[in-house]
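Reader: Could you walk me through this structure, slowly please?
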Amino acid sequence: MLREEFYDDPHFDYRRYWNGRLYEHLSEVIAIKKLIEQIPTSRRNNLLEVGAGFGRIAKIYSPLFKECVLLEPSNKLINQARNYLSHRKNLSFCQGKAENLPFDDSCFDLVLMIRVLHHLIRPGKVFQEVNRVLKPKGFLILEMANKAHIKARMVAWMRRKALDKKPVDIRSKSNLIKKTIPFINYHPDWIENLLEEHGFRIRSKLSVSNFRHSLIKRIFPLRLLLYLEDRLQLKLAPYNFGPSVFFLAQKTDT
Ligand SMILES: C[S@@+](CC[C@H](N)C(=O)[O-])C[C@H]1O[C@@H](n2cnc3c(N)ncnc32)[C@H](O)[C@@H]1O
C-alpha cells in the first residue's frame, strides 16, 4: 500500500484500531489535559491539530479553545472527523500535510501533533513549519512513540545490543522499496535536540501509557491503572519509561 493510501484504504478502519485500547486513549487524555493546563488561558485562542485523524481527541481540547483547526491528509479520515464532530461549532477542517502547512505565519497559539511523528521522514522540516505558523511564544504539544521505552531497553540488554539514539525505520525491505507509509522510531533525546535546534524550548515532558501490557490490562482494573498513570506520568518522564512520550514545547524568541 502506497504512502498516500494507508489511512484511505477501504479495508483499514483506524477507528477500529482503538477497540480494546481505552486505557491508552484515556492515558493520552490525562496527558493532554495536564499539558494544556500549563498554557495560560490568555494564550488559548486558536489551536491547530496536525494529523488529526477522525478527531479522536478534539472533544478534549475544543471546549478549552475559541477556534480549532483539524488538519489531516487523508480524505477518508477528515470526512469521518467532520461527521463525528459535526455538533461542535468552533471546529474547522482542512486537508493538508505537516511538511507544508497551508496557513500564514504566526497564526496559532497551540499546535498539537499526536501519533503522527512516526510517519514523518523529515521531522526537522515539520518543526520548522510548526514554528512558522505559531505566534511568538506559542506552544507545541507533541506525542512521540518512544524507541527507548523500558521494555525495548530490557530486550536490548538481554540480547546484549546497544540501543542508540538514531532514528530507525522499522518498515520491511519490501515496504521500503514499495514506498509505503513510513514507520520510524525516534529516541526522545534525539527529538528534544531537534526541537531545540528548530527554535523550541521544552517546558514539560510526560511518560504516557506506562502500563501498556495486555496482561497488566487484563489483571488490574482500568480505574486503578489510570490513577497510577495520572500520578506517574511526570515522575517516569526523566527515565523515558513508557511507550509514548509527550512534550510541551514553547517557541523561543526569534
Ligand atoms: C496514528 S494516526 C493518529 C491520528 C490522530 N492524531 C490520533 O491520535 O488519533 C496518524 C495520523 O497521521 C496522519 N499523517 C500521516 N502522515 C502525515 C503527514 N505527513 N502530515 C500530517 N499528517 C500525517 C495520518 O493521516 C493519520 O491521521
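This is a predicted model: local features need pLDDT of at least 70, side-chain atom pairs count only at pLDDT 80 or more; totals for chains, interfaces and linings use all residues.

Reader: Okay, which residues of helix 8 are buried?
Author: In helix 8, which spans residues 188-197, the buried ones are Pro188, Ile191 and Leu195, where buried means that 20 or more other C-beta atoms, placed from the backbone, lie within 10 Å of the residue's own, and exposed means 12 or fewer. Helices (H or I, at least four residues) and strands (E, at least two) are DSSP runs, numbered from the N terminus.

Reader: And where do they sit around the helix axis?
Author: Viewed down the axis of helix 8, the buried residues fall within an arc of 60 degrees, so they line one face of the helix; the arc is that of the directions from the helix axis to the C-beta atoms. Asp189, Asn193 and Glu197, on the other side of helix 8, are exposed.

Reader: What comes after helix 8?
Author: Helix 8 is followed by Gly199, which has a positive phi, near 85 degrees.

Reader: New topic: in which sense do strand 2 and strand 3 pair?
Author: Strand 2 (residues 67-72) and strand 3 (residues 91-95) pair in the parallel sense, over five bridges, pairing being called when DSSP finds at least two bridges between two strands. Opposite Val69 stands Ser92 in strand 3.

Key: Residues are numbered from 1 along each chain as its sequence is written.
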